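Hi,

Here is the structure I promised to pass along. Have a look at it first, and my notes on what turned up follow below.

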Amino acid sequence: MLEEAFELEDQEELMNEMMNNYGQDILRLVYSYVNNKEVAEDLTQDIFVKFYKSLHTFKGKSKLKTWLWRIAINHSKDFLKSWYNKHVIIAKDTTYIKTKKEMVEEVIIQKEADDQLVSAIMTLPIKYREVIYLFYYEELLIKEIAVVTEVSVNTVKTRLRRAKELLEDRLEEQ
């Protein structure tokens with residue numbers, strides 16, 4: 001097969017045959033490395049381009065299939081070591097890509113906001129603090145909070161509303 005392709009100089013036919021025979025196998029192999037369908041598809045295309053461009057360097061010491069797999073494995077490993085893979089996070093919606101630095105900044109900003117909220121909650125009187133805690137952190141229903149705190153459902157609703165108002169005021173002051 002290989003000799004004929006080189007004799008006829010029909011490398012495109014060889015390329016098509018390799019893609020048809022091994023394209024899905026290479027895609028699965030690459031996916032096992034990168035764990036992302038879109039990235040695996042892109043890398044698979046790159047691998048076949050690299051295979052095509054370096055056909056002239058094939059020495060025949062192994063089967064062509066083995067050589068293709070070796071290219072795929074090396075290309076996948078190179079991608080995993082690359083700057084792009086280490087510093088760019090591909091979002092589910094690929095219209096916006098964030099760097100890991102931006103992600104860390106968002107986490108820090110969110111932590112500061114969470115700390116401010118916790119501080120504000122801790123300044124509330126206990127009767128408001130407990131309903132906020134039970135409702136938002138323990139995710140109890142208002143009926144369950146009424147049973148736990150031994151007050152009426154309407155009292156729980158009133159305390160929740162009042163606690164939210166107090167929190168809003170305190171967070172605006174900060």
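**Helix packing and cores**

Keep in mind that this is a predicted model. Let's start with a helix pair: helix 8 (residues 142–149) packs against helix 9 (residues 153–173) at an angle of about 105°, and their axes are 8 Å apart. Angles of 65 to 115 degrees count as roughly perpendicular, so helix 8 is roughly perpendicular to helix 9. On the helix 8 side, the contact is made by Ile142, Lys143, Ile145, Ala146 and Thr149, while helix 9 brings Val153, Val156, Lys157 and Leu160. Sorted by class, that contact of helix 8 with helix 9 has six nonpolar, one polar and two charged residues.

Now for the cores. The largest nonpolar core has 23 residues, and Met18, Ile26, Phe51, Leu64 and Leu68 are those with the most contacts inside it. Helix 2 (11–34), helix 3 (37–53) and helix 4 (64–81) are the elements that give two or more residues to this core, and helix 2 supplies the largest share, eight residues. Another core, of 14 residues, lies apart from it, with Ile121, Tyr128, Ala163 and Leu167 among its members.

Is Phe51 buried or exposed? Its relative accessible area is 0%, so Phe51 is buried. Leaving out residues up to four places away in sequence, Phe51 touches Met15, Met18, Leu64, Trp67, Leu68 and Ile71. Phe51 and Ala72 are 21 residues apart in sequence, and their C-alpha atoms are 9.0 Å apart in space.

Cheers

Methods. Residues are numbered from 1 along each chain as its sequence is written. This is a predicted model: local features need pLDDT of at least 70, side-chain atom pairs count only at pLDDT 80 or more; totals for chains, interfaces and linings use all residues. Side-chain values use heavy atoms; hydrogens and water are left out. Axes are lines fitted to C-alpha atoms, for helices over the stretch in contact, and angles run from 0 to 180 degrees between N-to-C directions. Helices (H or I, at least four residues) and strands (E, at least two) are DSSP runs, numbered from the N terminus. Angles under 35 degrees count as roughly parallel, over 145 as roughly antiparallel, 65 to 115 as roughly perpendicular and the rest as oblique. Contact means heavy atoms within 4.5 Å. Ala, Val, Leu, Ile, Met, Phe, Trp, Tyr, Cys and Pro count as nonpolar, Asp, Glu, Lys and Arg as charged, and the others, Gly among them, as polar. A nonpolar core is a set of buried Ala, Val, Leu, Ile, Met, Phe, Trp, Tyr and Cys residues joined through side-chain atoms within 4.5 Å. Buried means under 20% relative accessible area, exposed over 50%, partly exposed in between (1.4 Å probe, protein chains only).
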